[in-house]
Amino acid sequence: MFRNVAELVELAVSKNKKISEIMIEQEMNVTGRSREEVLAFMDRNLRVMEEAVERGIKGVKSHSGLTGGDAVLLQKYIEKGNFLSGKTILDAVSKAVATNEVNAAMGTICATPTAGSAGVVPGTLFAVREKLNPTREQMVEFLFTAGAFGFVVANNASISGAAGGCQAEVGSASGMAAAAIVEMAGGTPEQCAEAMAITLKNMLGLVCDPVAGLVEVPCVKRNAMGAANAMVAADMALAGITSRIPCDEVIDAMYKIGQSMPTALKETAQGGLAATPTGRELEAKIFGIPRV
Amino acid sequence: MKYRSVFDIIGPVMIGPSSSHTAGAARIGRVARSLFGREPKWANISLYGSFAKTYKGHGTDVAIIGGLLDFDTDDVRIINAIDIAKERGIKLRFIEEEAVTDHPNTARVIIGDDKGELELVGISIGGGKIEITELNGFELKLSGNHPAILVVHNDRFGAIASVSNVLAKYEINIGHMEVARKEKGKLALMTIEVDQNIENKILQELEELPNILKVTKIVD
């Protein structure tokens with residue numbers, strides 16, 4: 001069983017296997033399930049992700065009315081063709097937003113690694129699909145690769161906003177996505193780890209400050225930026241760029257930052273954007289009573 | 001290792017918006033329901049830390065009640081769980097606690113009816129994964145992700161061995177086990193997580209052993 005990214009990469013390199021394959025084999029060992037069962041279970045999760053993207057792209061609205069409809073706006077914008085940053089990135093962003101808008105509307109999603117960060121991995125996956133034309137099996141493998149890196153973060157740091165801030169949620173999700181993109185694009189296990197490190201480095205310190213305690217503002221847009229971050233970091237790693245700080249040390253730094261973060265900035269709706277005048281106003285409007 | 005399966009990371013499939021505050025909360029409620037063995041008539045839910053501050057926005061309240069109604073994390077009825085519970089005549093009370101707990105997402109669930117009561121403390125550690133830390137005053141550690149049983153027994157020599165012997169006979173492997181007691185020689189509790197599902201006839205056989213008082217399957 002791998003305990004950190006270094007061991008994960010070492011296993012993949014020494015056995016000449018993909019990260020996804022290492023994760024599949026470990027899952028079989030740990031749970032006693034057959035390969036077919038493990039793959040079928042992940043395929044079901046993939047289907048849930050696909051349905052959430054499709055639903056969000058058509059447009060949803062949350063109960064509070066705070067979020068919804070941005071994925072549609074972005075899709076229309078892409079169709080016009082006058083975008084600046086690039087089609088695949090914007091497609092990833094809109095699909096990440098779509099998923100997280102469905103989540104905010106209490107729709108059915110697959111937590112990756114959490115519900116608040118559920119947009120990034122599927123958002124990038126379904127955007128990259130347009131570019132790389134993967135098989136269904138490769139799409140399932142994408143999720144195992146993402147899962148392998150998330151597994152390391154969850155066991156060595158945290159994936160919960162209440163424990164580690166948004167860096168632990170969207171930060172982890174983005175790192176997981178970046179690594180999975182690299183593998184799908186034909187990168188090496190080492191490059192997967194570099195992509196994860198580069199992504200997470202740039203999400204360190206991200207606080208969890210949900211307005212009115214809802215998983216909407218700024219969560220939906222953080223999923224958007226997490227997807228963009230993952231795409232850029234994946235390209236950087238594929239270009240051969242490496243992180244000066246090894247991936248495991250970045251994860252450890254994230255853990256320590258999370259521990260030293262004040263409670264007001266860890267999913268308590270007491271600080272950050274939640275505590276802005278507008279944040280408080282929205283909270284009062286949604287719940288009828290202001291909570292100080 | 002707190003997380004053992006990749007599906008703790010890529011999953012669960014669930015109703016939004018928060019894996020820790022909605023899916024995890026639903027699981028805490030469902031474990032309580034499963035232990036209680038029937039639908040309660042009333043429920044007092046104390047919420048601590050982040051749960052207390054943000055439960056309305058995260059649907060933590062509806063999720064815990066959904067769990068008490070035996071709904072899974074991806075059951076869309078969770079959204080209307082409080083209304084459904086009220087229709088069924090269940091009295092609900094939510095308490096926002098100020099006390100600081102070891103984990104920021106902590107809930108204390110006290111449920112009951114005219115026949116009995118149950119008190120349970122659960123924490124939601126992220127990504128929908130939970131641990132049960134206290135049951136009727138007993139401290140325990142239970143992930144909720146493997147088949148598990150609880151055995152209430154008298155604190156006597158041989159009681160633990162007799163239970164593990166029965167499990168061995170049916171080729172059931174113990175993954176995690178804890179024994180807790182309040183006082184030497186009095187009531188004790190075994191928490192046993194296993195790799196295989198335990199059939200009811202095995203539970204019955206366990207219950208018939210000397211000094212074993214109650215055996216409950218808490219996770220299938």
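A salt bridge here is a side-chain nitrogen of Lys or Arg within 4 Å of a carboxyl oxygen of Asp or Glu. Across the interface of chain A and chain B, that rule finds zero of them. This is a predicted model: local features need pLDDT of at least 70, side-chain atom pairs count only at pLDDT 80 or more, and totals for chains, interfaces and linings use all residues. Residues are numbered from 1 along each chain as its sequence is written, chains are lettered from A in the order in which they are written, and side-chain values use heavy atoms, with hydrogens and water left out.

Stay at the interface and select the contacts (heavy atoms within 4.5 Å): 53 residues of chain A meet 36 of chain B.

Zoom in on Cys110(A), which stands opposite Val13(B).

Now hide chain A. Chain B has an open six-stranded sheet with mixed pairing, in the order E3-E2-E4-E5-E6-E7. Its edge strands are E3 (91-96) and E7 (138-142), each pairing on one side only.

Pick E2(B) (42-48) and E4(B) (105-113): they run antiparallel over seven bridges, and Ser46(B) sits opposite Arg108(B). Finally, select H1(B), residues 19-36, which packs on the sheet, touching E4, E5 and E6 of chain B.

How values were computed. Pairing = 2+ DSSP bridges. Helix = DSSP H or I, 4+ residues; strand = E, 2+ residues; numbered from the N terminus. Axes fitted to C-alpha atoms, helices over the stretch in contact; angles between N-to-C directions.
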